[in-house]
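Here is a short report on a protein assembly. Look over the chains first, then read on.

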Amino acid sequence: MAAMHERPFDLLNKAVGQQVLIRLKNGTDMRGKVQSFDVHMNIVLENCEELEETGSVRTKLGTILLRGGNILFISPA
Amino acid sequence: MAAMHERPFDLLNKAVGQQVLIRLKNGTDMRGKVQSFDVHMNIVLENCEELEETGSVRTKLGTILLRGGNILFISPA
Amino acid sequence: MAAMHERPFDLLNKAVGQQVLIRLKNGTDMRGKVQSFDVHMNIVLENCEELEETGSVRTKLGTILLRGGNILFISPA
Amino acid sequence: MAAMHERPFDLLNKAVGQQVLIRLKNGTDMRGKVQSFDVHMNIVLENCEELEETGSVRTKLGTILLRGGNILFISPA
Amino acid sequence: MAAMHERPFDLLNKAVGQQVLIRLKNGTDMRGKVQSFDVHMNIVLENCEELEETGSVRTKLGTILLRGGNILFISPA
Amino acid sequence: MAAMHERPFDLLNKAVGQQVLIRLKNGTDMRGKVQSFDVHMNIVLENCEELEETGSVRTKLGTILLRGGNILFISPA
Amino acid sequence: MAAMHERPFDLLNKAVGQQVLIRLKNGTDMRGKVQSFDVHMNIVLENCEELEETGSVRTKLGTILLRGGNILFISPA
């Protein structure tokens with residue numbers, strides 16, 4: 001068995017100040033820079049963009065506070 | 001790793017007395033001035049307007065108490 | 001930052017004895033006089049009416065106890 | 001501000017031994033006499049009838065234990 | 001106000017060893033003999049049958065452990 | 001009233017090392033041997049097979065950790 | 001009754017550093033190497049790929065933090 005030196009929230013912690021892609025449960029993809037997060041995975045994203053399925057920008061949303069319960073996954077961009 | 005000086009609810013705290021756009025889980029966009037909020041993200045919005053997809057006003061709702069569980073994201077307008 | 005002197009439930013507290021409009025998660029609008037509420041936003045409404053989308057009355061329901069979890073927003077009428 | 005002398009569960013307490021109409025989240029209407037309830041709004045209804053949209057009886061269910069989480073609202077009949 | 005001498009789970013307690021009809025949130029009706037239950041309304045049913053809408057037996061399931069969260073109502077058969 | 005000597009999780013406890021059929025909330029049937037479970041009804045199934053509605057095997061999944069929240073019922077096979 | 005020497009999370013613990021297949025509640029299959037997990041089954045997957053129903057790769061997602069609540073099952077690949 002491999003030792004586990006990290007925990008999932010470490011990924012979020014390292015992502016502060018970095019760009020991430022977030023896929024929501026409703027299928028929408030958002031891209032933005034993580035400013036802060038909390039234990040519920042509520043996240044403040046700066047320069048957040050809602051993406052088309054093709055990956056191109058549909059809407060520029062600016063800064064948003066995203067409720068963690070809507071998130072499917074988060075990926076460092 | 002960047003230091004995190006803020007927490008997501010700080011965005012809401014700064015938004016008191018300011019206009020925000022709120023997207024609901026059901027896809028509806030609401031715009032109004034934040035009067036108060038609590039830890040469940042229940043929010044009282046003044047002069048709240050329900051928006052068309054085009055961004056124009058569909059209905060003027062006045063003051064509303066919005067249950068936090070319905071929120072997808074909140075964005076300072 | 002603006003100071004927050006109120007909390008969302010203050011709106012409900014002031015609404016006791018007053019008429020409110022409640023939009024449910026399923027899209028239905030209800031109108032009635034708030035008799036009481038609790039921390040789960042369970043609300044007793046007197047003379048409650050279920051409304052058509054046009055705002056006209058579909059059904060007179062009398063007094064009801066509405067489970068808070070079904071509420072999208074509450075607005076003083 | 002009006003004083004609130006009652007709490008929502010007082011309505012249920014007064015309804016014990018009385019007939020109520022219960023609308024479920026799935027849109028079904030049930031009618032029956034409240035025998036008992038608990039803090040989750042689980043309710044035992046005697047002589048419970050599932051109603052058609054017209055209000056006529058679709059099925060006689062007898063005594064049922066209804067899980068509170070399925071309830072939209074309860075109304076003294 | 002009528003006195004409430006019983007609580008909803010008393011109905012389940014009396015049903016141990018007896019046949020019940022259980023309607024699930026997904027609309028399915030199950031019939032079986034209650035062997036045991038817990039505070040989450042998880043229930044073990046013996047000789048459990050899944051019913052057609054007509055009330056005839058669709059499938060004999062034998063003994064099952066049903067998760068309480070799927071239950072709409074339980075009725076002594 | 002019949003005495004209740006068992007609790008629902010006793011069925012799971014007896015099923016360790018045995019084959020069970022599990023119906024999921026999404027309607028899928030899985031069959032496999034219970035290796036372990038926890039209080040959330042998370043279950044590890046060995047030699048797990050996803051079944052067609054006819055009961056024939058659609059996919060062999062091997063060992064899986066199934067999240068309890070997805071379960072409708074569990075039946076000793 | 002067979003003795004239960006393991007608990008479901010032991011499967012996840014052994015999977016650290018190994019490839020797993022994860023089926024989501026929405027039907028999507030993901031494949032990747034487990035880097036870490038927590039008690040909510042939030043999982044960090046490295047070299048994560050979203051799969052077609054045929055099992056071929058639809059999208060390479062790189063490293064992702066998957067929220068546990070979206071998971072149907074996890075299988076060592």
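## Ground rules

This is a predicted model, in which local features need pLDDT of at least 70 and side-chain atom pairs count only at pLDDT 80 or more, while totals for chains, interfaces and linings use all residues. Residues are numbered from 1 along each chain as its sequence is written, chains are lettered from A and ligands numbered from 1 in the order in which they are written, and side-chain values use heavy atoms, with hydrogens and water left out.

## Chain A in outline

Chain A has one helix and five strands. Their order along the sequence is α-β-β-β-β-β. Here helices (H or I, at least four residues) and strands (E, at least two) are DSSP runs, numbered from the N terminus. The C-alpha trace of chain A spans about 45 × 25 × 20 Å along its principal axes.

Chain A has 77 residues, and 52% of them count as buried. Buried means under 20% relative accessible area, exposed means over 50%, and partly exposed lies in between (1.4 Å probe, protein chains only). Now take the contacts in chain A between residues at least 6 apart in sequence: 39% of them join residues at least 24 apart. A contact means heavy atoms within 4.5 Å.

## Strand β1 of chain E

Strand β1(E) covers residues 19-24, and five of its six residues are buried. Which strands does β1(E) pair with? One is β2(E), residues 29-37, in the antiparallel sense over five bridges. Another is β5(E), residues 71-76, also antiparallel and over five bridges. Two strands pair if DSSP finds at least two bridges between them.

Single residues show the pairing. E:Leu21 has E:Arg31 in β2(E) as its bridge partner. E:Leu24 stands opposite E:Ile71 in β5(E). β1(E) and β2(E) form a hairpin with four residues between them. In that turn, E:Gly27 has a positive phi of about 95 degrees. In a regular strand the side chains alternate between the two faces of the sheet.

## Where chain E meets chain D

Here 22 residues of chain E are in contact with 21 residues of chain D. The two chains bury about 1,800 Å² between them, 63% of it on carbon and sulfur atoms. Buried area is the accessible area (1.4 Å probe) that two parts lose on being put together, summed over both.

The rule finds one salt bridge across this interface. E:Arg23 forms a salt bridge with D:Glu50, with the closest N and O atoms 2.9 Å apart. A salt bridge is a side-chain nitrogen of Lys or Arg within 4 Å of a carboxyl oxygen of Asp or Glu. On the side of chain E that touches chain D, α1 (8-15) and β5 of chain E are the elements that give two or more residues. The largest share, six residues, comes from β5(E). Strands cross the boundary too: two bridges join β4 (residues 57-66) of chain D to β5(E), running antiparallel. One bridge pair is D:Leu66 and E:Phe73.

E:Glu50 is found in strand β3 (residues 43-51) of chain E. Is E:Glu50 buried or exposed? E:Glu50 counts as buried because its relative accessible area is 7%. Its side chain makes a polar contact with the side chain of F:Arg23 (2.9 Å). A polar contact is a pair of N or O atoms within 3.5 Å; within protein, one must be able to donate a hydrogen and the other to accept it, and residues adjacent in sequence count only if both atoms are side-chain atoms.

F:Ser75 lies in strand β5 (residues 71-76) of chain F. F:Ser75 is buried because its relative accessibility is 4%. A polar atom of the F:Ser75 side chain lies 2.9 Å from the backbone oxygen of E:Thr63. Not counting residues up to four places away in sequence, F:Ser75 touches several residues, including E:Leu61, E:Ile64 and F:Val20.

## Where chain G meets chain A

In this interface, 22 residues of chain G are in contact with 22 residues of chain A. The side chains of G:Glu50 and A:Arg23 meet in a salt bridge (2.9 Å, N to O). Strand β5 (residues 71-76) of chain A and β4(G) pair in the antiparallel sense over two bridges. In β4(G), G:Leu66 is the bridge partner of A:Phe73.
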